[in-house]
Amino acid sequence: MGFTCQPQLRCLDLTPSNFPRISPEIQAYMRTLCIKVFIYTKCNRILLFIILQLSSLTPIGNTATLHTPSPVDGSKWFHQTLLPNGNSWHNQEQQHYTNRLENAYVSNGMLKIKAKKETFKDQGVVKQYTSARLNSKFAFTYGRVEVRAKLPKGHGTWPAIWMLSKNIFEAGSYFETQGFGNQSWPDCGEIDIMEHWGSNQNYVQSAIHTRSSHGNTVNLGGQHLPTVSSKFHSYTLDWTADKLVFEVDGKHHYTYNPALKNNATWPFDSPQYLLLNFAIENIIDPDFKEDTFDIDHVRIYDQAGTLIFVDEFN
């Protein structure tokens with residue numbers, strides 16, 4: 001006795017719950033996707049399947065690739081690469097900062113600053129490590145800075161979130177190229193929102209550098225954070241005319257509020273800009289190959305709580 005098969009269109013939703021045996025790492029990646037497979041069958045024979053992916057694709061011609069690295073937003077960020085003394089960066093750092101996509105790029109909704117062990121020649125100088133140092137093209141006075149980040153690890157790694165005066169005299173910095181720069185360091189003031197040395201893994205520090213105390217400054221504070229390199233945390237600064245307050249995930253660890261405010265102790269009444277960088281110290285683990293400083297977002301608010309600068313790295 002004969003029979004007729006009716007065509008069927010079935011939808012398979014590729015979500016982690018449908019694949020419980022998939023590793024947690026792959027499940028985390030799948031959560032960033034929206035994939036459906038439509039299977040057109042007749043008599044249990046697959047005639048056609050269509051895959052729809054609604055996010056995490058970057059079209060290139062007639063193809064698409066997952067999480068294709070893209071450059072940082074040049075309207076918001078400036079690559080600072082010029083060696084300040086013609087030979088090296090400060091603090092005996094070993095890296096060249098470059099403007100290459102290999103060292104700073106946006107992928108999967110994050111900014112990634114990557115330090116790499118590689119022989120690289122620039123400005124007539126050969127170094128064995130490369131990384132990136134970004135200046136914001138935005139400067140402000142007073143407000144709140146919030147940076148959500150996950151930090152690299154390993155002896156000799158040194159990521160930082162910090163601020164300098166728009167008026168600092170430093171050849172090669174963004175605002176110096178725009179005609180600013182009539183004040184030397186440390187008179188201009190430096191605000192270190194977050195520094196992390198891999199030689200002291202899981203301890204994050206905030207510090208202030210002024211004429212009254214700089215370099216090995218006494219104005220600092222920090223806290224231990226066991227998941228500093230495995231999870232994202234929010235590093236914040238609240239800056240008013242009276243004080244600088246530093247927190248991680250809402251937990252306070254340092255306030256700078258000098259009783260006597262003068263040019264030597266409080267140069268923080270004029271615009272400052274943000275820096276994000278990943279330095280390599282003069283002594284680093286010989287097995288280090290590469291690692292990334294991952295930034296999920298940067299947000300700056302004025303004192304009224306209005307968002308005045310943002311990069312979500314989407």
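Trainee: What makes the largest nonpolar core a core, and which residues have the most contacts inside it?

Mentor: In this predicted model, the largest nonpolar core has 47 residues. The term applies because the members are buried residues of nonpolar types joined through side-chain atoms within 4.5 Å. Those with the most contacts inside this core are Ile193, Tyr235, Leu244 and Leu274.

Trainee: Which residues does Leu244 touch?

Mentor: Setting aside neighbours within four places in sequence, Leu244 is in contact with Ile191, Ile208, Leu237, Asp238, Trp239, Tyr254, Thr255, Tyr256, Trp266 and Phe268. There is also a second, separate core of nine residues, with Ala160, Leu164, Ile168 and Leu275 among them.

Trainee: Why is Thr98 called buried?

Mentor: The cut-off for buried is under 20% relative accessible area. Thr98 has 4% relative accessibility, so Thr98 counts as buried. Thr98 sits in the loop between β7 (95–97) and β8 (104–107). Beyond residues up to four places away in sequence, Thr98 touches His79, Thr81, Asn103, Phe120, Thr130, Ser131 and Ala132.

Trainee: Ser75 is in a loop too, the one between β5 (63–66) and β6 (77–79). Why does Ser75 count as exposed?

Mentor: Exposed requires over 50%. Ser75 has 55% relative accessibility, so Ser75 counts as exposed.

Trainee: What is the C-alpha separation between Ser75 and Lys137?

Mentor: The C-alpha atoms of these two residues are 7.3 Å apart, while 62 residues separate Ser75 and Lys137 along the chain.

Trainee: What makes the pairing of the Ser75 and Asp73 side chains a polar contact?

Mentor: The limit is 3.5 Å between N or O atoms, one able to donate a hydrogen and the other to accept it. The Ser75 and Asp73 side chains are joined at 2.6 Å, so the pair qualifies as a polar contact.

Trainee: Is Lys112 buried or exposed, and why?

Mentor: Buried: the relative accessible area of Lys112 is 15%, and the cut-off is under 20%, so the label holds. Lys112 lies in strand β9 (residues 110–122). The side chain of Lys112 makes a polar contact of 3.3 Å with that of Asp294. Apart from neighbours within four places in sequence, Lys112 has contacts that include Asn103, Tyr105, Thr292 and Phe293.

Trainee: How do you know that β18 and β19 pair?

Mentor: Pairing takes at least two bridges. Strand β18 (residues 244–248) and strand β19 (residues 251–256) are joined by five bridges, so they count as paired. The two strands run antiparallel, and Glu247 stands opposite His252 in β19. Together β18 and β19 form a hairpin with two residues between them. In the turn, Asp249 has a positive phi of about 55°.

Trainee: What is the volume of the largest pocket, and which residues are closest to its centre?

Mentor: The volume is about 620 Å³. The lining has 27 residues, and Asn91, Trp158, Trp185, Glu190 and His209 are the closest to the centre. Two or more lining residues come from each of β13 (157–165), β14 (190–196), β15 (203–209) and β20 (272–280). Strand β13 gives the largest share, four residues.

Trainee: What does the chain come to as a whole?

Mentor: The secondary structure comes to two helices and 22 strands. Of the 314 residues in the chain, 46% are buried. Among contacts with a separation of 6 or more, 65% are between residues 24 or more positions apart.

Terms used
Residues are numbered from 1 along each chain as its sequence is written. This is a predicted model: local features need pLDDT of at least 70, side-chain atom pairs count only at pLDDT 80 or more; totals for chains, interfaces and linings use all residues. Side-chain values use heavy atoms; hydrogens and water are left out. Buried means under 20% relative accessible area, exposed over 50%, partly exposed in between (1.4 Å probe, protein chains only). Contact means heavy atoms within 4.5 Å. On a 1 Å grid over the protein atoms alone, a cavity is a set of points where a 1.4 Å probe fits but cannot get out, and a pocket is an open set with protein on both sides within 12 Å along at least five of seven lines; lining residues have an atom within 4 Å of a point. Grid points are joined across faces, edges and corners, and a volume is the space filled by probe spheres set on the points.
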